Structures are given as structure tokens and as C-alpha cells.
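Hi there,

Here is the structure I promised to pass on.

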Amino acid sequence: MANKNQALRATWSTRIPPPATSTQTVTFGRRTMSGRNISYSRDDLGSELGGGDHSKEFLSYHINIPPTPDNQPMDSAASANPDPSISARVEEQYVSNSLFTGGFNSVTRAQLMNKVIDSESSHPQMAGAKGSSCAVPGCGSKVMSDERGNDILPCECGYKICRDCFVEDLKANGTCRGCKEPYKAKDMDEVIAKEKPQLSLQFSLAGMSKMERRLSLMKSRNYARSLTRSQTGEFDQNRLLFETKATYGYGNAIWPRENDGDGGSGQPAELVCKPWRPLTRELKIPAAILSPYRLLIFIRMAILGLFLAWRIRHKNEDAIWLWGMSVVCEIWFAFSWLLDQLPKLCPVNRTTDLLVLKEKFESPSPSNPSGKSDLPGIDVFVSTADPEKEPPLVTANTILSILAADYPVEKLACYVSDDGGALLTFEAMAEAASFANLWVPFCRKHDIEPRNPESYFGMKRDPYKNKIRSDFVKDRRRLKREYEEFKVRINGLPDSIRRRSDAFHAREEIKAMKRQREAALDEPIEPVKIPKATWMADGTHWPGTWINSAAEHSRGDHAGIIQVMLKPPSDEPLLGSNDETKSFDLNEVDIRLPLLVYVSREKRPGYDHNKKAGAMNALVRASAVMSNGPFILNLDCDHYVYNSLALREGMCFMMDRGGDRICYVQFPQRFEGIDPSDRYANNNTVFFDVNMRALDGLQGPVYVGTGCLFRRIALYGFDPPQASRHSSCFPGKRKKASTAAEETRALRMADDDDDEMMNLSSFPKKFGNSNFLIDSIPVAEFQGRPLADHPAVKNGRPPGALVIPRDLLDASTVAEAISVISCWYEDKTEWGHRVGWIYGSVTEDVVTGYRMHNRGWRSVYCVTKRDAFRGTAPINLTDRLHQVLRWATGSVEIFFSRNNALLASPKLNHLQRIAYLNVGIYPFTSFFLIVYCFLPALSLFSGQFIVQTLNVTFLTYLLVITITLCLLAVLEVKWSGIELEEWWRNEQFWLIGGTSAHLAAVLQGLLKVIAGIEISFTLTSKSAGDEEDDDFADLYIVKWTSLMIPPITIMMVNLIGIAVGVSRTIYSTVPQWSKLIGGVFFSLWVLTHLYPFAKGLMGRRGKTPTIVFVWSGLIAITISLLWVAINPPGSSSQIGGSFTFP
């Protein structure tokens, strides 16, 4: 019996009992909307993992949909469906309108969401989209609808009826409940035709179950021969793949017929004769720039060696302590410079050819007559954690830019990870999905750039440039008005949620008091206390974090949540129409939207959730179950798609010849909202345009946490094909891969010296006990292969293999996704250790990229003509120092862990190893830098210098070292394209960060290693908008932090030292002008580098903060006292009377 209290919701329940000690038979049971009970076991799913010793490790699931007023069961006779495709599509619509929740040792529920947000949703893909209800009394379900969301009425009388009731009528008497007339045969055919998905293939898959279409073990000997020997002449180690009679992989790959091809090669004749056209090209740096650059590096290395040898031989006997400290610091600086400079010997530039990409993957060909996109799928991850520090409006704009990206709609999926489980983020994403109904078609119609509405409407350049359509002005004006209303709704969500929750809470209190009065009669009534919950728009409790935290509803204690905001689009383009009511013409514009999923992983007390890395791994597993895109693009919530073609640019590298050995494509980070002078080097142009381009000439750039396109199989911890081949600036001997060994291997996973053959039976111990996830691994590997359109392409896939539409979502799939994001799933697996994002470091991004390079993968740096992505960066001094502190802390953790480059495998390029070694060592330079910054002041105080005398040899060495450094900087500016001012800003902040944040990072890292004290850090605040007239108001805010103490001390000591040195020299009987000049020169060198820091302490222009007056007074008093001590009285010949300097 259905419970009356559940009359407004339909619930799937997945009960997960604890693992049993004996072997279990894993079974599924579920009841569809019509009340059908379906039971099947994993043994029946065509999976290799259905039996065996490891089956006891799997948990048992039971999925049940209880009957509700809108989900009435039917008898067995009426449960037959005239077309399985109709039932699948209706179930997908039902799933996409449901909020799935669950977790460890709990029930997985799917709550039907008739209303996701307070505003109206009209797009047919949108969760909770507006639609007509069934007119059958007691039903209330949504009527059947087509891809545009229009009602499908099976009878001419216009009686509205849902799919279940319609099928029931057909099986009963075949008459319409409205007009009481029999349904006509053509009416039923029209209904079925409208509901049936349009398949572009000439063969039918109706005879196969979903899991059979998804997976079945490859048994075709003829194809195995052509695949493994065709393109390369060598055996393909990735031969353990999956196919069906007509498809390959996840239901979307077609193999060529047996008679097609060119004899034994297995390639069509037209492909063998076709000239090769690469998707990418490597642009060498001109020799006129690169050769002098390399020569200067070696010249400076020799000069530094000679200088250090001279310094060691010529001691300053008068101040041996000063000489010793300076020599030690200079040796370390030379070593640090070598670590930074050597990886820059081989910089490269790369370019892509998007026309060739379109010709190969989206043009009609013999293997793809329809010209449908043959590009692989991409799953985009957006991570957010706190809506107060990461405003929902910023995240919503990022989502909109992703949904509007120029990539095949059916191949794109967006997953939003809300690690805070906040209803505010949930409803903001729903509002963004609703606004995308207008924004995305507008961008496609008028070719808008950038496709972030906040940036587009706020740009200062002429928006009408190069626009030729006559209705652009009208459309833009309307969209701008709609976006302003959208912003108001987003900004008003906190108050709206609070008011709604207060109203529902008051209603619940009244009901509770009423029930208490009825039960108590004449007895005294105590005040009713009900937990103040957070309520959703449909009048139910939010399963995530409540505004007023409660048990199982706090930031660290809530259920896992998955909501399909936008269900998967149809395979065929869906053209819009002329909306006369809203004056928006969308004729000939595809109005489909990519898949959008909201995910909040389960959190429970006592579990280590591993911050951002854990959230990203949860998204990897959930996306593998739901869409399984072979490539993953991860973006921070404040980094949006600035170039709509960026995804295609990255795919050029992945799909090019040799692209199967690329683990990720890293895009440079570009920022908006930086002050024009870039006072604190927030743009990091030296790192992104110099260091990263240089690493691209080795084994590839490091992973920097955002704007990175990953190969999913590389994240899973597998080795690349032919891992022994890696790019090198100075090629040496290479080990030959063992062909015989490769023939016996499937997907291989190895780390360091642990080279282990992998097979499906060992996957559960590494990836967990989800069959859906494990079955998707080889499928993702195959779909991510380059196109084998030429014999020169190795490890490729056949053309036209990815043109079949993906499978529709069903309840069991989303329930499995809930299971893999539970807090217990990673226990006793390799997740976070060898699989996915790596745990154990604040900078999990660098470690994750290092592990891939250490396995032999290589990466690519993609610098597009138009910036691919743009984001925000903190321009406030305090926020910038804390950001640098976080990076440096992660580097120290890397140095003291097994991820130290000194312990790397032989697969890592030698110069790449030096670059990773520098990543872990650079914070330790802070000790020597601080000492060296105090040396000029100590020299002025003591009257001594680091050398005995300023002779010609010392000055010559100093001059040559300085000139070579400046020349190297000029050449770096030439081949990287940065400005000389940007290079100088980077040098200034190197000293500012080295004397503040880097020192604190080293101390914190040592505390963690020695004392086991864990490190905590806060998220960098993102600006929500222009709250003041000044766009750079944050730049002038002075927020005190202990990190400012060392730089302030250095400035004060050097200023006082200059005053003392000048006074001593003036009043000295025998002035030592050479030592004074040397000390003052180096003190001014230190103060010049710290100038941006001192300027930041001054705050807003014309508004000097009080702290500056306090410090100025202290400095003035100190200098005055020293002046009195230095001024010699007339009765004494000693400087300063009885005062003696050290």
C-alpha cells in the first residue's frame, strides 16, 4: 500500500546492506512508472565481472518505486509497452525530473520535482519544466510531449492523457476517455512515431537490452585481426575492448563491414591514398632568438661558477661572519637559478587547425554519410564549495559559458560539484539552466563572444562590430533585459530561501501545536520545538546543508544529491521557431542544451573527504556512470569559457597523431579585474608564458588546477601506449618496448617500479565495486583514441565510430551514480592514491600531473589566439599573500613526500625532473633570501662589507652577472611575447613572497612533517560585483596579517641601516666610502623590490591608514635616537661618545 503522506512524491528506494561474508548474487529490482517489477542480476548483464571470487565484494541493491497517486501500478496484462523506446524516453523524463539522494547505509530516494525554482521553467530539457497534467481522475502525471515540450494528444478531441493511462486504455478497450470513441489506428501510429527517437542507423538495436548494447566481450576474430595489425603493423596492447554485433563501446561506435577496406590492412582504399593533414603544428622559436638565449645561459653558468670560486678564495678577514653568510646564500641562489633556468632550454609554440578538425570529424564521408559529429564526448567539471565566498552569480555565468560552448551538444555534459550542499547553489544552477533557454540560442544565432553574459554585457568595446543580422539590436536589447532580471533573481535567492523556509517552518509549528492540543485535551501544553529546516520550492525539506545546521544537514554531514537540471539532448538538431509573443526569432537555430547535472557528494562525520580532490574524484565516478565522456575539462567556478572554440582547440591535440599519449592539455590562466599596473604580479605571465611554454618542449606543462582537458583513462592511473617514448630536448638512448609483452596485456596500470598487468578481475580492488564504473573504463579508452583515417595513425579507432546516440538515462543509472559518490565508496580502493586526483597535498593539481608524467604520459600547452578561459584573481595584498602561501605549502608537502622528483621513475624526462624538483625546492629559498636582505643593513651597521674591498674583479663579476641576467630577460620577452614590465613585476613579487609567504610555508611544512600538525587554509574570496564605484577597491584595502611582519622588518632595518651608514661615514675620521656605497646599493636593491609591498600598505590613494602613521612614528623616533647617539660630543673623539657599534 502506498503511504498517504507520500502522495506528492514518487520514490525509488535503493537499500544497501553491509557486505556479507559469503558470496552473494547481486540482483536488481525496480518498478517502472507503470508499476512493472523488473528483476535481473549482474550475471545477466553480459559483464565479465558477474561471477568469480570477487563477486562477494559487491553490495546488493534493491530499487523499488512504491505506488503513489501519480504512479498507480497496473496489472501484468496491461504492463506491456507497444514500443520499448517510448518507455525508455518517458522514464528518462521522469528521472530527469527527480532529485536523487542517498549514501552509505541509507536509502536512495528519487523525489519527483514538479517545481525546482520559484520562476517558471519552459525548456523541455529543464527539470520541472512546465507541462500539462493528465486529465484522468487520480492520476496527475505529465502528459506525453515531444522534443519541443509540446503536448502529444492521441485523440482528435484533445483529451489530455499521460503515457501510462494511454497504454492502459489501449490494452483495455481502446477507447478515448474523453469522447468515448475508439482510438484510430493512425492516431496510435502518430503517437508512437512522435515518441520514438529518430535513429540515424539502418540497423535496429531493439532486440538488445541496455547493458547488452553498452557492453559485451569482443569475440570477432576478423575485426581483432584488422584492428591490431592495421594501422601500425604492431600489436595493439589495448585489445581487450567491447563491441556488439553492430556497435562498439557505449552504444555509439560502428565497425566497417567485413568486405570494406584495403585487403589485409583493414583500411579503405581512399584513406590509404589520402594525404595526411595534421590537426596541430609545432612552431619552433626562431634560431636568432633561441640560440643566443641558450648561449647566454651557459655563459652565465660559467660566470657564476667563476664568481663563486673567487668569492670562496677571497675571504673578508675583517668580517668573516658577514662573508660566510653571503657566500652560502649566493651558492644557494646559483643552484636555485639553475633549477629554474635549465628547463627553459627548449621552448616551443603550438597551433591548431580547426578546419581540418571539422573536415575529419564533422563532414560527410564514406564512413559517416550523414556528416554527424564523430568527436568524442567531453564532461566538464565545475567545482564550488561555499556560496558566500564563491558567489552563485559567478558560478552561474561559468555554467552559461559552458552550455553555450561551440561543441556538439549531444557530446557535451556539465557537472557542477557543490561541496557545501547548499540550496542556494542548487537553485542558482536551476535559474542558470532556465536562463540558458534564451542565452544559448542567442549566442549561436549571432556568434557571440565571450559567452559569459556578465562579461559580454560589461565589455567596453563596440558590441555591434561585425554583426550583420538586422534583428541583432532587438535581440541583444531583450537579452540584456532578461539578464538583468536573472541577476536580480540570483541576488534575491538568499532572502527568498530564508522567507520560504520561515513560512513553511511557521506552518509546521502551527500544525504541530494543533496536533498537540488535540492529543493533550485539558493537559498543560509545552512549547513545540521543531528543527528549523531549509525548504525547497516544491515544499519539501532540502536534503543538503540547512541554513540552521542540524543533524544530517550540516556542511560535514549530509546525504549525497544528484539532480539532472537539463536532461540529455536529442541526437538530431532541434530547430527553434519564431516566438512572436517574446519577439525572439530562433528559426534555423538549434535550441538544444547540453546535459547539466548538479552533484553534491555525501559527507559524514569521521570521514576524510579530502577537500577539492575528493570532490573531483566523486565527479569522475558519477560522470563515468552517467555520460562517460572520454575527456574531462575541469574549471574553477570563477573561470569561464572566454573562447567558445577552446574545447575544439584542445581536442585537436588529443585527436592528432600521437595524441593517445597525451594525458592532458593545459590552457593558460588569464584573469580579469587586475589593476592596470598589476602591482602584485597577479597575472603570473612569466610563469604561464615563459615557464609553461618551456616545459611544453620537454614532457609537457604542469597541471595548474583549472582550465585543463584530461584524458579520462590517464586519470584512472593507466600507462600510455608506448610509454617509453617521451619528448626530449636532447634525445638519447631509448628503451625499446617489448612487443611480445604488449601482446599479452590489456589496459596496464603501473607506478614507479610496480609494473602490473591489469585485467577486469582486479579492477574492483582499485576502482571500487561499481560494475557500471568498471564496465565504462575500456569504453572510455576506445572512444578517446585518435581517428584512424590514415595508416600513420597508431592506436586509432575507425572513422564514424561515435555517431550513434548515447543511451537514455534510467533510474538504475542515477541510483548507481548516487552510490559512487557516497563517503564509503573509496575505502580500500586506489582512489586518491593512484587513481584520480591524488590526495595528501594542498596542491593536489601539481601532484596529479606529476603522477601522470611519472608514468610516461606527456602533456601539451595550448595557447590560443583568443584566450580560452578567463577568471578572477585576488588583487588585495593580504589575499594574494595567502594564495601564495597555499601554493608554497603544497610545494613543501611535495618535497617531503614520495612525490619528490628525486624519487621519480626513469620514464620522467631529465629536464622535466629538474622542473618538478624546483617545484618542491623553491620555498626553501626564503631562508637564504631573508638573510641576504638583512646583509646590507648589517653591513651598514658594522661598517664592513661582504668583500674586503670593492676591487675591480668583484665589480666586473657583478656587472657581467647583472648584464647577462638583463639580456636573458630581454630574450625571454622576445620569444614569449610578454612585456618587460611584467617580468620586472614578477621579480619584485618574487622577493615579496619569498620573504613572507614562502617562509611561513616552510615552517608549516616542517611542523606537519615533524610534529604531525595538519595545515588548514581558507578559500580565496571571489568578488561578487562592483559594490563601489572603484573597480579596484580591493587593491587599497589593508588587512593585517602576520605574513607582513618579515617584509616590514626588512624595510625598517634597511632604512635605519642607510641612515646609520651615512652618518658614520660623514662623521668618521677616515671615511670608508666604498663600503658605504656597496651597502647602500644593496639596501636600495632590496627596497626597490619591496616598493609594491610598501605601496600596498599605504592603502587607497589619498587615504593613508592609521597603521602607516604608527610605523612612520616608530621609524622617526628610532632614527632620531640613533642620530643623537651618532652625533659626537665635542669632548670625545669617538664617534657617538660612549656608544659603540657592533
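Ser677 has a relative accessible area of 30%, so the residue counts as partly exposed (buried means under 20% relative accessible area, exposed over 50%, partly exposed in between, with a 1.4 Å probe and protein chains only as cover). Before going further, please note that this is a predicted model, in which local features need pLDDT of at least 70 and side-chain atom pairs count only at pLDDT 80 or more, while totals for chains, interfaces and linings use all residues. Residues are numbered from 1 along each chain as its sequence is written, and side-chain values use heavy atoms, with hydrogens and water left out.

Ser677 lies in the loop that runs between β18 and α16 (helices are DSSP runs of H or I of at least four residues, strands are runs of E of at least two, and both are numbered from the N terminus). Its side chain makes a polar contact of 3.0 Å with the side chain of Asp675. By polar contact I mean a pair of N or O atoms within 3.5 Å; within protein, one must be able to donate a hydrogen and the other to accept it, and residues adjacent in sequence count only if both atoms are side-chain atoms. Setting aside residues up to four places away in sequence, Ser677 touches Glu981 and Arg985 (contact means heavy atoms within 4.5 Å). Arg985 is 308 residues from Ser677 along the chain, yet their C-alpha atoms are separated by 8.9 Å.

Helix α16 covers residues 685–696, and its 12 residues should span 16 Å at 1.5 Å a residue, which agrees with the 16 Å between its end C-alpha atoms (the expected span is 1.5 Å times one less than the number of residues). Is this helix mostly covered or mostly open? It is mostly covered, with 11 of its 12 residues buried. Among them are Phe688, Met692, Arg693 and Asp696.

β18 belongs to an open sheet of 3 strands in the order β16-β23-β18, with mixed pairing. Its edge strands, each pairing on one side only, are β16 (640–641) and β18 (670–672). β16 pairs with β23 (residues 869–872) in the antiparallel sense over 2 bridges; two strands pair if DSSP finds at least two bridges between them. Val641 has Phe869 in β23 as its bridge partner.

Ser644 sits in the loop between β16 and α15 (646–655). With a relative accessible area of 4%, Ser644 is buried. The side chain of Ser644 makes a polar contact with that of Glu449 at 2.2 Å. Leaving aside neighbours within four places in sequence, Ser644 is in contact with Ala405, Asp406, Glu449 and Arg451.

**Arg451**

Arg451 is in the loop between α11 (423–446) and α12 (453–458), and counts as buried at 5% relative accessibility. Which backbone oxygen does its side chain reach at 2.5 Å? That of Ala404; the backbone oxygen of Ile448 is reached at 2.9 Å. Beyond four places in sequence, the residues that Arg451 touches include Trp439, Cys443, Val641 and Ser644.

The buried residues of α7 pack against α8 (320–341) and α26 (952–976). Among those buried in α7 are Leu290, Tyr293, Phe307 and Trp310.

Strand β9 (residues 378–384) has 7 of its 7 residues buried, so it is largely enclosed by the rest of the structure. β9 pairs with β10 (residues 412–418) in the parallel sense over 7 bridges, and Phe381 stands opposite Tyr415 in β10.

**The chain as a whole**

The protein chain contains 32 helices and 23 strands, and 58% of its 1142 residues count as buried.

Best wishes
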